[in-house]
Amino acid sequence: MDFAVSGPARACLAALLLLAGLPSAAQSLLDPTRPPAAAMEARATPVGVAPTAAPQLQSVLISRQPGGRRVAVVNGQVLRLGGKVEGAVIVKMTDTEIVLRRGRAFETLKLFPTSGPDATIKGKN
């Protein structure tokens, strides 16, 4: 059997052969919205967490039921009463703050800091 391809059929066959090679060419295209490689390497810590900053209280969840769950989110970690963050223990939790004990010193982290960029208030409670 001898097939002769002519006219429109030849054009369709040529177009199909050209289109078959396009997926492999698209693989080498870079995402134009991706940050440069240098920016990706410079960001060694997770977004929103400073490497040497004081602990930051991000959320507090307290159950309305007696004896229910008490959970705080500090630097992206979900912690319960008695949990540890950067060597300090959570000793008190309210709906707007937590108190950390580090040895004999206490540190209060407020959910809504009222003054300055630092969210911590150090002192005895």
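User: What makes strand 2 (residues 70-74) mostly covered?
Analyst: Four of its five residues are buried. Buried means under 20% relative accessible area, exposed means over 50%, and partly exposed lies in between (1.4 Å probe, protein chains only). A strand is a DSSP run of E with at least two residues, a helix is a run of H or I with at least four, and both are numbered from the N terminus.

User: What kind of model is this, and how are residues numbered?
Analyst: This is a predicted model, where local features need pLDDT of at least 70 and side-chain atom pairs count only at pLDDT 80 or more, while totals for chains, interfaces and linings use all residues. Residues are numbered from 1 along each chain as its sequence is written, and side-chain values use heavy atoms, with hydrogens and water left out.

User: What does the whole chain contain?
Analyst: It has three helices and eight strands. Along the sequence the pattern reads α-α-α-β-β-β-β-β-β-β-β. Of the 125 residues, 20% are buried.

User: How do you know that strand 1 (residues 57-62) pairs with strand 2?
Analyst: Two strands pair if DSSP finds at least two bridges between them. Five bridges join strand 1 to strand 2, and the two run antiparallel. Within this pairing, serine 59 stands opposite valine 73 of strand 2.

User: How many bridges link strand 2 to strand 3 (residues 77-80)?
Analyst: Four bridges link them, again in the antiparallel sense. Alanine 72 has leucine 79 in strand 3 as its bridge partner. Two residues lie between the strands of this hairpin, and asparagine 75 takes a positive phi near 50° there.

User: Which sheet do these strands form?
Analyst: They form an open sheet of three strands in the order 1-2-3, paired antiparallel.

User: Why are strand 1 and strand 3 said to stand at the edges?
Analyst: Each has a single partner strand, so one side of each is left without a neighbour in the sheet. Neighbouring strands of the sheet are turned by 20° against each other on average, direction ignored.

User: Which strands pair with strand 6 (residues 97-102)?
Analyst: Strand 5 pairs with strand 6 in the antiparallel sense over four bridges. A hairpin of three residues joins strand 5 to strand 6. Valine 89 has arginine 101 in strand 6 as its bridge partner. Strand 7 (residues 105-110) also pairs with strand 6, antiparallel over six bridges. Two residues separate strand 6 and strand 7 in their hairpin, where glycine 103 takes a positive phi near 70°.

User: What makes the link between glutamate 97 and lysine 110 a polar contact?
Analyst: The term needs a pair of N or O atoms within 3.5 Å; within protein, one must be able to donate a hydrogen and the other to accept it, and residues adjacent in sequence count only if both atoms are side-chain atoms. The side chains of glutamate 97 and lysine 110 are joined at 2.8 Å.

User: Which other residues does glutamate 97 contact?
Analyst: Contact means heavy atoms within 4.5 Å. Setting aside neighbours within four places in sequence, glutamate 97 contacts Leu57, Lys92, Thr108, Leu109, Lys110 and Leu111.

User: What makes up the largest nonpolar core?
Analyst: A nonpolar core is a set of buried Ala, Val, Leu, Ile, Met, Phe, Trp, Tyr and Cys residues joined through side-chain atoms within 4.5 Å. The largest one here has 13 residues, and Leu57, Val74, Ile98 and Leu100 have the most contacts inside it. Strand 1, strand 2, strand 5 (88-93) and strand 6 each supply at least two residues. Strand 5 gives the most, with three.

User: Which residues does leucine 57 touch?
Analyst: Not counting residues up to four places away in sequence, leucine 57 touches Ala72, Val73, Val74, Thr96, Glu97, Ile98, Leu109, Lys110 and Leu111.

Technical notes. Axes fitted to C-alpha atoms, helices over the stretch in contact; angles between N-to-C directions.
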